[in-house]
Structures are given as structure tokens and as C-alpha cells.
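Here are my notes on the model, written for someone who has not seen it before. Please read them with the structure open.

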Amino acid sequence: MFGDLRRFDSGSPWGGDWFREWLDEVFPEPGATNIRAVPRGTYPMINIGRTDDAVRVYVFAAGLAAGDLELSLQDNVLTVQGERKVAADESEGDARRPYFRRERAGGSFARSIALPEGLDADRAEARWRNGVFEITLPKREELKPRRIEIQSA
């Protein structure tokens, strides 16, 4: 599924990524994500990569159906929002039952991710399968790699 992806860094507009990475190394917080100081699992995990033709975003949202997630793209910022409903056994009288460990978070979430320039939002597609949402954002033709023929002089 991810074999065709290559890494890209959207980078910080102010060039502070090295500082954030340094802080993450100095102050590791195993229970929190690096996007916000919220427990891991509150937001769906996301992989982003690129191919020669498109940028692909994978949203790992187990327990959500295709209609539970809303995607929007504006000014090269992809916003993913949805809601994880509390499981039925948690809402029907079992709320008094203590948990020894509870890793699944419920409630609304929203993430916005800056994407590289040059994407064709009109041809964007999204697919869902087994809790993984795959969003394909094709590159505009002028940004795709081209082969340059070498002519002998």
C-alpha cells in the first residue's frame, strides 16, 4: 500500500522544524503525539507521501465508516474531521464499570495538514477500506517530472 510513496517534508514556513525536533528529542513524551499535547489515539494517525503523479494521504481511523469522516481542501490545507462515537456498551449503563486501561478515545476531532503546492483539487479522490482512508491528490501536469531528450549537436 505504501511502497510507492516517497517522503516529503512540508516544512515549517518559519524554518523551526529543527527546533521542534530538538525539543522532541530533549523532552520525549511517550504518551502524547507530536502535533498537540493530547493523548495518543485522540486524532487518527496520518501518513503522507508522494509519487510522481500525486500526493497520497492515508488516514488510519479504525472504527469509522466512510460517512463518518469529512474531508476538505482549501489553499493546499487538507482538513480531516469526524467523530468517534462511544461504543454502545460504554453508553448504556456500563459507564460505572471501571476501566483498567482505556486507549480508545471518543469524541470529535479535526486535523489540518499543509500540503505542497501544485495539487489539482478538482481531481482529488478518496477511498475507504477497513478503516483506512486513502486520499489521492493528483499533481498538476506542469509539476510532474518530465524526461528531457538529449540531442546530439
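How many bridges join strand β4 to β5, and in which direction do the two run? Eight bridges join β4 (residues 77–84) to β5, and the two strands run antiparallel.

1. Basis of the notes. This is a predicted model, in which local features need pLDDT of at least 70 and side-chain atom pairs count only at pLDDT 80 or more, while totals for chains, interfaces and linings use all residues. Residues are numbered from 1 along each chain as its sequence is written, and side-chain values use heavy atoms, with hydrogens and water left out.

2. The three-stranded sheet. Strands β3, β4 and β5 form an open sheet in the order β3-β4-β5, with antiparallel pairing. The edge strands, β3 (69–74) and β5 (107–114), each pair on one side only. The twist from one strand to the next averages 15°. Strands here are DSSP runs of E with at least two residues, helices are runs of H or I with at least four residues, and both are numbered from the N terminus. Two strands count as paired if DSSP finds at least two bridges between them. Axes are lines fitted to C-alpha atoms, for helices over the stretch in contact, and angles run from 0 to 180 degrees between N-to-C directions. Within the pairing of β4 and β5, Leu 78 stands opposite Ile 113 of β5.

3. Asp 75 and Asn 76 deserve a look. Asp 75 has a positive phi of about 50° although it is not a glycine. Asn 76, also a residue other than glycine, has a positive phi near 60°. Are they buried or exposed? Asp 75 is exposed, because its relative accessible area is 70%, whereas Asn 76 counts as buried at 14%. The cut-offs are under 20% relative accessible area for buried, over 50% for exposed and partly exposed in between, with a 1.4 Å probe and protein chains only.

4. The four-stranded sheet. A further open sheet has four strands in the order β1-β2-β7-β6, and its pairing is antiparallel. Its edge strands are β1 (45–50) and β6 (125–129), each of which pairs on one side only. Neighbouring strands of this sheet are turned by 15° against each other on average, direction ignored.

5. Strand β2 and its partners. β1 and β2 form a hairpin with three residues between them. Six bridges join β1 to β2 (residues 54–60). Among the facing residues, Ile 48 has Val 57 of β2 as its bridge partner, and Met 45 stands opposite Phe 60. Seven bridges join β2 to β7, again antiparallel, with Tyr 58 opposite Glu 134 in β7. β2 is mostly covered, as six of its seven residues are buried.

6. Salt bridges. A search of the whole structure finds five salt bridges. The term means a side-chain nitrogen of Lys or Arg within 4 Å of a carboxyl oxygen of Asp or Glu. One of them joins Arg 56 and Glu 134, with the closest N and O atoms 3.7 Å apart. Arg 56 lies in β2 and Glu 134 in β7 (residues 132–138), so the pair ties together parts that are 78 residues apart in sequence. Arg 56 and Glu 134 are both buried. By contrast, Arg 147 and Glu 149, which meet in a salt bridge at 3.8 Å, N to O, are both exposed. Glu 125 and Arg 127 also form a salt bridge, at 3.4 Å, N to O; Glu 125 counts as partly exposed because its relative accessibility is 42%.

7. Gly 131. Gly 131 sits in the loop between β6 and β7. Gly 131 is buried, because its relative accessible area is 7%. Leaving aside neighbours within four places in sequence, Gly 131 is in contact with Val 59, Phe 60, Ala 61, Ala 62 and Leu 64, where contact means heavy atoms within 4.5 Å. Gly 131 and Val 59 are 72 residues apart in sequence and 8.3 Å apart in space, C-alpha to C-alpha.

8. Helix α1. Val 26 is found in helix α1 (residues 17–26). Val 26 is partly exposed, because its relative accessible area is 40%.
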